[in-house]
Amino acid sequence: MTSILIRHATALTVDEDRRVIEDAAIAIKGDRITAVGRDADVAPLADGAAKIIDATGMTAIPGLIDCHAHAGHGLVRALGAGDTQAWFQVCEALYAGGTDVAFWAAEARLTLLERLMAGVTTCVTLLGGGADIYRSDDPAYGDAYCAAVRESGLRTMLAVGPGRPPFPRRYRNSRGAAVDVNFGHQLDVSAELIARHDSILKTGTGICLVMPVYGPGDDSAAPETEVRRMAGAVAALREKHGVLLTQDGHRNGTVAYVRDLGLLGPFSLLAHCVDLTAADIAALEDSGAAVAHNPSSIMSILGRCPAPELIARGIRVALGSDASAPDRGYDMFRHMAQAMHYHRRHFRNPSVLPPGKVLEMATLDAARALGLERDLGSLEAGKKADIVLVDMRKPHLTPPDMPLHAITHFANAADADTVIADGRIVLQGRVPQTLDPAAVIEEATGAARAAVSRAGLEALRLEPECLWRNAENPEGKPPA
């Protein structure tokens, strides 16, 4: 028996034929799509569906996939605003010393709420970041995050692994005690989390490994012999469990170096990849590694990811939000539009990176980057029922013509009316079905304030002058 029947939508399938189906129906049984086609053809076959959704005036797209983001950032998104280095220092102080399990659980629920209300059904999330501070010191943090994922009904691949030297690094553990954590301990915790939670298509939680990015001849973090030793240990753990490896912050020679370290292959997802050298691009092409392009990130201001050129060479390129701080969120509609403008401005050509390709980068290409294209990324029979219904009955989406163009150029997160993830309705009529917004926001606000207080960063919480401070106005005086 059909569980859910969506009727009278316009469907952007992103299937092999890239069909755009007017007056479409989508039939769902359990967690899978069983049919996609014209309503007149599909609806009679799904007679007696347990739930019927009238999607008149809406466009159905595959659930959006965010291939690069950071846990923790949602509760520090405004701290140190206007000063990138200060924001990194905040992350370092908070993540290692000012946060408890309640912080990570609250941030997870807040992030997941934002995602489900934006049509993001699958994501890759690093358990920390900023200055490469990852909460792989104690499995309690990953456990808390994965529990929140299962509660939300969404799907997350959580990236865990060792941080950046020097080791040992002082952490405040889940019992509130100060402990010194080394590389081997973080790798052991990562292995434990893989054993507990790596089942993304069954439970919604997957685990992948993260390792800081190192450059050739860079002894500032660790001698090359130590970098190679650490890379070998990470590579061995990745191979043992067959998980994805992701890295945050590639640029200018580091991709080719990762290949030399033995960390590059079809299992690799490298974030940012700005100002790549010819050797970097050749390494990506030869290895089959994928790129997570984050057009709204600070890295994409400091350098350029040559996404269209990489795509032209057959390299898998997916979109990421790099969210949710210090200046961006999880609105993948925004990031699709940003990607188009970013590269069109570079080439001074408004036809670069067409709407169909940018939608693929947030759906099917993203699924390919994660090795999940058989199950995710398009509206096709047999695939997971991850579906977003975008309400086109809005002034900025009217008239309802050329829906692909409208969704990639004009839509935003608030236009996601209904979201189905893994065959489960998690948002309907803009009302979350799995998380209570008021409770999530209250919990998140309390956890953020407590962490800031513990770390002694209260002064950064209310500092309006930072909104004016820059090189030309170092004192931060408001404009006259």
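Reply: Let's start with H396, whose side chain makes a polar contact with the side chain of D415, at 2.8 Å. Here a polar contact is a pair of N or O atoms within 3.5 Å; within protein, one must be able to donate a hydrogen and the other to accept it, and residues adjacent in sequence count only if both atoms are side-chain atoms. Bear in mind that this is a predicted model, with residues numbered from 1 along each chain as its sequence is written. Local features need pLDDT of at least 70 and side-chain atom pairs count only at pLDDT 80 or more, while totals for chains, interfaces and linings use all residues; side-chain values use heavy atoms, with hydrogens and water left out.

H396 sits in the loop between β18 and α15 (403-409); helices (H or I, at least four residues) and strands (E, at least two) are DSSP runs, numbered from the N terminus. H396 is partly exposed, at 34% relative accessible area (buried is under 20%, exposed over 50%, partly exposed in between, with a 1.4 Å probe and protein chains only). Leaving out residues up to four places away in sequence, H396 touches F410, N412 and D415, contact meaning heavy atoms within 4.5 Å.

Go back into β18 (residues 387-391) and you meet β5, which pairs with β18 in the antiparallel sense over 5 bridges; pairing takes at least two DSSP bridges between the strands. L389 is the β18 bridge partner of A60. On A60's other bridge, the partner is A11, from β1 (residues 4-12), a strand joined to β5 by 2 bridges and running parallel. In a regular strand, side chains alternate between the two faces of the sheet. In β5, M58, A60 and P62 point one way and T59 and I61 the other, and all are buried. With 5 of its 5 residues buried, β5 (residues 58-62) is largely enclosed by the rest of the structure.

P62 turns up again in the lining of the largest cavity, along with G63, I65, T121, D375, L376, G377, S378, K384 and D386. A cavity, on a 1 Å grid over the protein atoms alone, is a set of points where a 1.4 Å probe fits but cannot get out; a pocket is an open set with protein on both sides within 12 Å along at least five of seven lines, and lining residues have an atom within 4 Å of a point. The largest cavity has a volume of about 40 Å³, the volume being the space filled by probe spheres set on the points, which are joined across faces, edges and corners.

Now for another histidine. H272, in the loop between β15 (268-271) and α9 (278-287), is buried, with a relative accessible area of 2%. The side chain of H272 makes a polar contact with the side chain of D248, at 3.1 Å. Among the residues H272 touches, beyond four places in sequence, are H68, H250, N294 and D322.

D248 takes us to the largest pocket: 31 residues line the pocket, and D248, F88, G130, A131 and D132 lie nearest its centre. α2 (84-97) and α10 (299-302) are the elements that give two or more residues to that lining, and α2 has the largest share, 6 residues. The pocket holds about 690 Å³ of space.
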